[in-house]
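Subject: Structure handover

Hello,

Here is the structure for you to look through. My notes on it follow below.

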Amino acid sequence: MIANRWTEAEALMLQQAAGDDPLARELALRVYSSRLIGRDPDLVQHGGGNTSLKSTARDTFGEEVPVLHIKGSGWDLDTIEAKGMPAVRMEPLLRLRALSALSDEAMVNVQRLNLIDSAAPNPSVETLLHAWIPHRYVDHTHATAFLVLANLPEVAAVTRELFGDRLTLVPYVMPGFALAKAAAEAFDRNPAAEGLLLVNHGHFAWGPDAKASYDKIIEHTNLVEAWLADRRPAPLVPAAALPVADLAPVLAGLRGALASVQGAGDPLPVLDLRGDEAERAFVARDDLERLATRGVATPDHVIRTKGEVLVLRRGGQSPEAMRGAVARYADRYRAYFDTHAPNAAEKKTMLSPMPGLVWLEGAGIVGVGANAAAARIAADLGTQSARVRADGEVAGGFFPIGAADLFDMEYWSLEQAKLGKGKPPALQGRVVLVTGGAGAIGLATARAFSAQGAAVFLVDRPGTALDTALATLGRDHGAHGCDITAPGAPAEAVAACVARFGGLDILVSNAGAALTGAVATLPDDLLRQSFELNFFAHLAFAQAAIAVFREQTAARGTRGAEPGQILFNVSKQAVNPGKGFAAYGLPKATTFFLLRQLALELGPEGIRVNGINADRIRSGLLTPEMIAARSTARGVDEATYMAGNLLGAEVEARHVAEAFVMLARAERTTAHVMTVDGGNIEAALR
Ligand code: ZN
C-alpha cells in the first residue's frame, strides 16, 4: 500500500519558510505535495507525472493575473522547487479550448509566450489538461497500481466496480492538445468526479487545496492496490542468485552483443541489472516471450526502454546466441520503424535499434543505456513495468497501446526533447575501474573520468574512505572494498565491476604504496610484500580486465573503436632510483616493463596500454610528515620543496588525473608513459 506521507508539521514549516506572501505559501504547499508524490516510485518515476496549481501572479504593470503553476519540463517531482513550476497566464490557455486542433509546436509556443518569467522552463506537455480542469490543485501520476488497471481489457467495468462515478474514464489519446480536449470533455460529463483514469496512461485527481488533492491520489491508488492484492498469486520462488563470478561473463557478453547493432565507432552501452528475488522470479515466468512484445505500461516509458523487451533464456546466453537474439531484435525494430515512419507527418530518423530492457533468465531485469544514469532509469522503469505486467496478467490481462501509438510517442519531438540534445561528453558510457580509488590520485582520477561522462568503479580497502569517495562521486558510480593483494581479489573486483555496469572499458591500475629500506639489507618479506602490491596486483588486474575486454569483443563480433585500455600509475622511481626506495622501485620498474610487454602483445587486438610517471604529489605515498621531514633535510620550506621542478609549481593529484584522461582519449597512443612531475631532467625518459 502507498503511505500517505503528509505531515502538518512539515507543511507548516514549509509555509513559514515561504514567508508572509499567501501566494508563495500556497506554492510552497504545491511543491511539498509534488515532492511527496515524487518520492514514491509506485506513484511516479523519472519525469513521469505532473502537478499544478491555479493561482495569481503580478505582471510587469503590477496587475494581478490568474496563472497556472505547472511542472516544468526537465524537473522531477521528487526534487522539484518553486522555480520548477513556471507560471503561465490562464486566460490564453482557457481560450485555446475553442480551437479544433493545435499542433505540438504551436502549443509549446503559446505556452512559452504566456510565461510570466520568460526564462522559465517549458511548461509540461500536459499543461492544457491541467488548465482545463477547474480545480485549484491537480495531480497526475503513473502509479503502478493505476498502470495495471489502465491496461486491463476490462478497464471500464473494473473502474466502475471500484470507483462508481468517482473516476471518469478517458480513452487513450496521445498527450498534447487532443488529450487535453478529451479529458476536459470527460470532466464536463461528470463534474462531480474526483479524478480521471486515462486509459493506457495514468491517473488524475484534484482538490481545493494541496492536501485534499494529495489525499485523493493516495486513496484512489490504494483502492486499486487492495483490489490487485486480492488477486495476486504467491510469487514464483526463483533459483538462487548467480554468483558474481558466473554472472560477470554473461553480462560482459550481453554488453558486447548489444553493441553489435551499434556503429563500429560507438561505445558499448552501460547495463544496470536488478536481480533481487522479485526480478528473478519474474524472469522465471514461462510467458516472457508473450509479455515482451505487448508494449509499455505508460506511453512515456518508450523513450527510455523501447516498446519491446529482449528475452534471453538460460539456454540462449552464450555470446553467439545473444548476438543472434540482439540482431533479430534489431530487425524487428527496423521493421517497426519502416512500417510506421511513413505515416508520420514529417520525416523521421531511426533511433538506435538496440533494446533498452533485457529479461535475463536466472539473473533479472537489465536496464540498457548510453550511460549509467540512462541504464538506471531504464532498469527502474523495467522493474515497475514487470510488476504491472505480472499483476495485469492475473487481473484480466496487460494490454497497453499498440505499435502505431507507440511509434507516435517514441518519435514525438516533445518526448525526444526530454532526452536532451547536444554532443555527449567524450567518455560517455565508458566503464572505468580505478584501483586505489579512495586515495588522493585515485579519487581525483575518478572525478576526472566522471566529468567526461564515464561510469567509475572504485576499488580500495573497505571502510569509510571508500564509502565517502563513492558518495562524492554520486549514485551512478560503483565501488568494491577488498585487499587487492589477497589471492583472487583483483579478479573478484573486476567481476564486481562487470556486475555493476555490465563490463569494463578502461582499467586505471593506480594503487600502490612506497615501502622503504636500503637495498643491501632489505628484508626479503618486505620486498615480496611490495611486489604483491606494486607489481602482482597490477598484473592480476590487467589479466582480469583483458579477459573482460576479450569477452565483450567476442560477443560484439567485431572490434569496436576502443576495445579496452589499461592505464598504469608507474612512478618516477621505475626509471630514476631514489636512495632507500628499492623496495618501491624494483616492482615499479617491473610494472613499467609489464606496461610495454602488454602494449606489444595487445596492440593487434586494439587494446591500448599506457601509464603515468608522477612525482611529488601530496597523497598516501607522500604524507605531510614526509613532506616536513624532506623539506627540512634539504633546508627549504615545504612550498619550495613541493615546487622543486623545472616549472617551479607544485604538481597536484588533479594534474595526474587529467593526464590519465588525456591518455585515455589519445586514440593512437599505446606503450607510452607520460611524465607528470613539473619537469625533472634527471628522471626524463629517454
Ligand atoms: Zn502522464
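**Loops and backbone**

Lys306 sits in the loop that joins α13 to β9 (310–312). Helices here are DSSP runs of H or I with at least four residues, strands are runs of E with at least two, and both are numbered from the N terminus. The model is predicted, so local features need pLDDT of at least 70 and side-chain atom pairs count only at pLDDT 80 or more, while totals for chains, interfaces and linings use all residues. Residues are numbered from 1 along each chain as its sequence is written, and side-chain values use heavy atoms, with hydrogens and water left out.

The phi of Lys306 is near 65°, which is positive although the residue is not glycine. Most residues other than glycine have a negative phi. Lys306 counts as buried, because its relative accessibility is 11% (buried means under 20% relative accessible area, exposed over 50%, and partly exposed in between, with a 1.4 Å probe and protein chains only).

Ala671 also has a positive phi, near 65°, and is a residue other than glycine. Ala671 lies in the loop between α25 (653–665) and β18 (672–676). With a relative accessible area of 35%, Ala671 is partly exposed.

Thr293 belongs to the loop between α12 (288–292) and α13 (302–305). Its relative accessibility is 51%, so Thr293 counts as exposed. Thr293 and Gly402 are 109 residues apart along the chain, and their C-alpha atoms are separated by 9.8 Å.

**The zinc ion**

Which protein atoms are the donors of the zinc ion? They are NE2 of His140, NE2 of His142 and NE2 of His201, at 2.1 to 2.2 Å from the ion. Donors are N, O and S atoms within 2.8 Å of the metal (3.2 Å for Na, K and Ca); water is not among the atoms, so sites may look incomplete. The spacing of the donor residues in sequence is H-x1-H-x58-H. His140 is buried, at 0% relative accessible area, and His142 is buried too, at 6%.

**Helix pairs**

Helix α1 (residues 8–17) packs with helix α2 (residues 22–38) at an angle of about 135°, and their axes are 8 Å apart. Axes are lines fitted to C-alpha atoms, for helices over the stretch in contact, and angles run from 0 to 180 degrees between N-to-C directions. The angle makes α1 oblique to α2 (under 35 degrees is roughly parallel, over 145 roughly antiparallel, 65 to 115 roughly perpendicular, and the rest oblique). In this contact, Glu10, Ala11, Leu14, Gln15 and Gln16 of α1 meet Arg25, Ala28, Leu29 and Tyr32 of α2, where contact means heavy atoms within 4.5 Å.

Helix α10 (residues 244–259) and helix α20 (residues 489–501) pack at about 50°, with axes 8 Å apart. α10 and α20 are therefore oblique to each other. From α10 the contact has Val244, Leu247, Ala248, Leu251, Ala252 and Arg255, and from α20 it has Ala495, Ala496, Val498, Ala499 and Phe501.

Is Leu129 buried or exposed? Leu129 is in helix α5 (residues 127–132) and counts as buried, at 2% relative accessibility. Apart from neighbours within four places in sequence, Leu129 is in contact with Leu179, Ala180, Ala183, Leu196, Leu198 and Phe204.

Regards
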